[in-house]
Structure formats: structure tokens, C-alpha cells
Amino acid sequence: AEKVTSLGKDWHRPCLRCEKCNKTLTSGGHSEHDGKPYCNHPCYAALFGPKGFGRGGAESHTFK
């Protein structure tokens, strides 16, 4: 299997997935929070980005 290095760890390519939506991520094409990978949009933006209508383009995605 191919190896991907991200967040200071080595991953199997299919194992590097968004913590929230489980989408497969690419090295360098995602964000990190508390050592866990997240896709940039919509998960990271909706969970940790600016709040309020029209801020960051993630207003249509709300996670509870």
C-alpha cells in the first residue's frame, strides 16, 4: 500500500480520512484540529471556522 505522511504520522493512503465525514484525504489537502484530520470544506470550516451568516462560506453546513 502507498504511504502518505501527514500530521507527523505515516498513513496508508485509504486510512487518511476526515474525522467527521470519512472522506479520503490527500496529503496537504486537509486541515487538522487536536491531531485529527478534517476535509477543508465543509467539515473543518463548519466545525472550527468563523460563525455567522456569510462568514467563510460554510453557513449551509451545520454539525451538531
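## Cysteines

Cys-18 is buried in this predicted model, with a relative accessible area of 2%, where buried means under 20% relative accessible area, exposed over 50% and partly exposed in between, computed with a 1.4 Å probe on protein chains only. The closest cysteine sulfur to that of Cys-18 belongs to Cys-21 and lies 3.7 Å away, which is too far for a bond, given that a disulfide is a pair of cysteine sulfur atoms within 2.5 Å. Cys-21 is likewise in no disulfide, and its nearest cysteine sulfur is that of Cys-18; Cys-21 is partly exposed, at 39% relative accessible area.

The structure as a whole therefore holds zero disulfides. A disulfide, in general terms, is a covalent bond between the sulfur atoms of two cysteines.

## Basis and confidence of the model

The model is predicted, so that local features need a pLDDT of at least 70 and side-chain atom pairs count only at pLDDT 80 or more, while totals for chains, interfaces and linings use all residues. Residues are numbered from 1 along each chain as its sequence is written, and side-chain values use heavy atoms, with hydrogens and water left out.

The protein chain averages a pLDDT of 82, and 77% of the residues score at least 70, pLDDT being the predictor's confidence in each residue on a scale from 0 to 100. Where pLDDT is low, the predicted coordinates should not be read in detail.

His-30 is placed in strand S3 (residues 30-33) and is buried, with a relative accessible area of 12%. The side chain of His-30 makes a polar contact of 2.8 Å with the side chain of Ser-6, and it also reaches the backbone oxygen of Thr-26 at 2.8 Å. A polar contact is a pair of N or O atoms within 3.5 Å; within protein, one must be able to donate a hydrogen and the other to accept it, and residues adjacent in sequence count only if both atoms are side-chain atoms. When residues up to four places away in sequence are not counted, His-30 touches Ser-6, Leu-7, Leu-16, Leu-25, Pro-37, Tyr-38 and Asn-40, contact meaning heavy atoms within 4.5 Å.

Ser-31 also lies in strand S3 and is buried, with a relative accessible area of 16%. The side chains of Ser-31 and Asn-40 are joined by a polar contact of 2.4 Å. With neighbours within four places in sequence left aside, the contacts of Ser-31 are Lys-36, Pro-37, Tyr-38, Asn-40 and Tyr-44.

The structure holds two aromatic pairs, for which the rings of Phe, Tyr and Trp (its six-membered ring) must have centres within 6.5 Å, with planes under 30 degrees apart counted as stacked, over 60 as edge-to-face and the rest as tilted. Tyr-38 and Phe-48 form an edge-to-face pair, at 5.2 Å centre to centre and with 75° between the planes. This pair links distant parts of the chain, since Tyr-38 belongs to strand S4 (residues 36-39) and Phe-48 to helix H1 (residues 40-48), 10 residues apart. Tyr-38 is buried, with a relative accessible area of 9%, whereas Phe-48 is partly exposed, at 30%.

Tyr-44 and Phe-48 form a tilted pair, 5.3 Å centre to centre and with 50° between the planes. Both residues lie in helix H1, four residues apart, about one turn of the helix, and Tyr-44 counts as partly exposed at 25% relative accessibility.

## Salt bridges

The count comes to two salt bridges, a salt bridge being a side-chain nitrogen of Lys or Arg within 4 Å of a carboxyl oxygen of Asp or Glu. Arg-13 forms one of them with Glu-2, with the closest N and O atoms 3.1 Å apart. Arg-13 lies in the loop between strand S2 (9-12) and S3, and Glu-2 in the segment before S1, so the pair ties together parts that are 11 residues apart in sequence. Arg-13 is partly exposed, at 35% relative accessible area, whereas Glu-2 is exposed, at 54%.

Lys-3 and Asp-10 meet through their side chains in a salt bridge of 3.9 Å, N to O, and both Lys-3 and Asp-10 are exposed.

Definitions and conventions:
Helices (H or I, at least four residues) and strands (E, at least two) are DSSP runs, numbered from the N terminus.
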